Amino acid sequence: MAYAHPDPNAFRAVVWQIVRQIPRGQVATYGQIASMIPAPDGIDAETYARLAPRWVGEAMNAVSNVDAPDVPWHRVINGQGGISLPPGIPAALQQRSRLEAEGIRFDARERIDLGVYGWAGPDKTWLEANHLLAPKPLREPPANDGGQLPLL
DNA sequence: CGTTTGACTACGC
DNA sequence: CGCGTAGCCAAAC
């Protein structure tokens, strides 16, 4: 709808391609997916990072409209681990039930633990073959138990 | 034709 | 850690 991408169709195709890689039982965020796609020429990285997540949302909306069977749109959620679709509408209910059917659990606040179910992204080989970037890591609880201290 | 509104995030309280 | 807000800009109202 808004936030025009220079080439909406191409962008959407790439987003779908990435979403197809999300394994069953795992989830990815809008921003994470956006971070794998290079910014178009003429758009600085900062602006792109600000707009791209919404474009990803548009791409997901396009999927549900036609319900492309091979694009697991339900595995894409927001950075807080929640479903971004307005609560209560059919599509949102469907997304939630599909995720639960894959063994994904929601906490009391209806949020998914990205530290547990968050997808690490496609492997490097696939990314390079598709001219994509390594995804920005999902931010999760430090969980610093006897963690490795960076040696310098 | 001015306002509202986003399948988002980062940031400040 | 939760809630409000700015940023963005084209559609839908």
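## A charge over a ring

A charge is said to sit over a ring if NZ of Lys or CZ of Arg is within 6 Å of the ring centre and within 35 degrees of the ring normal. In this predicted model, the charged end of Arg-96 is placed over the ring of Phe-106, at 4.4 Å from the ring centre.

## Overall architecture

Chain A contains 6 helices and 2 strands, which follow one another along the sequence in the order α-β-α-α-β-α-α-α. Of its 152 residues, 37% count as buried, and the accessible surface comes to about 9,200 Å², with 55% of that area belonging to carbon and sulfur atoms.

Among the contacts in chain A with a separation of 6 or more, 67% are made by residues 24 or more positions apart.

## Aromatic pairs

The whole structure holds 2 aromatic pairs. In one of them, the ring centres of Phe-11 and Trp-55 are 5.7 Å apart and the planes meet at 80°, so the pair is edge-to-face. Because Phe-11 belongs to helix α1 (residues 8-19) and Trp-55 to helix α3 (residues 45-66), this pair ties together parts that are 44 residues apart in sequence.

Phe-11 has a relative accessible area of 5% and is therefore buried, and Trp-55 is likewise buried, with a value of 3%. Together with Tyr-48, Phe-11 and Trp-55 form one aromatic cluster.

## The surroundings of Gln-32

Gln-32 is located in helix α2 (residues 30-36), and its relative accessibility of 3% means that this residue counts as buried. Leaving aside residues up to four places away in sequence, Gln-32 touches Val-27, Trp-119, Ala-120, Gly-121, Pro-135, Lys-136 and Leu-138.

Technical notes: Residues numbered from 1 in each chain as written. Chains lettered and ligands numbered in written order. Predicted model: local features only at pLDDT ≥ 70, side-chain atom pairs only at ≥ 80, totals over all residues. Heavy atoms only, no water. Helix = DSSP H or I, 4+ residues; strand = E, 2+ residues; numbered from the N terminus. Buried < 20%, exposed > 50% of the residue type's maximum accessible area, 1.4 Å probe, protein only. Contact = heavy atoms within 4.5 Å. Areas by Shrake-Rupley, 256 points an atom, 1.4 Å probe, with all protein chains shown as cover. Phe/Tyr/Trp six-rings, centres within 6.5 Å; stacked < 30°, edge-to-face > 60°.
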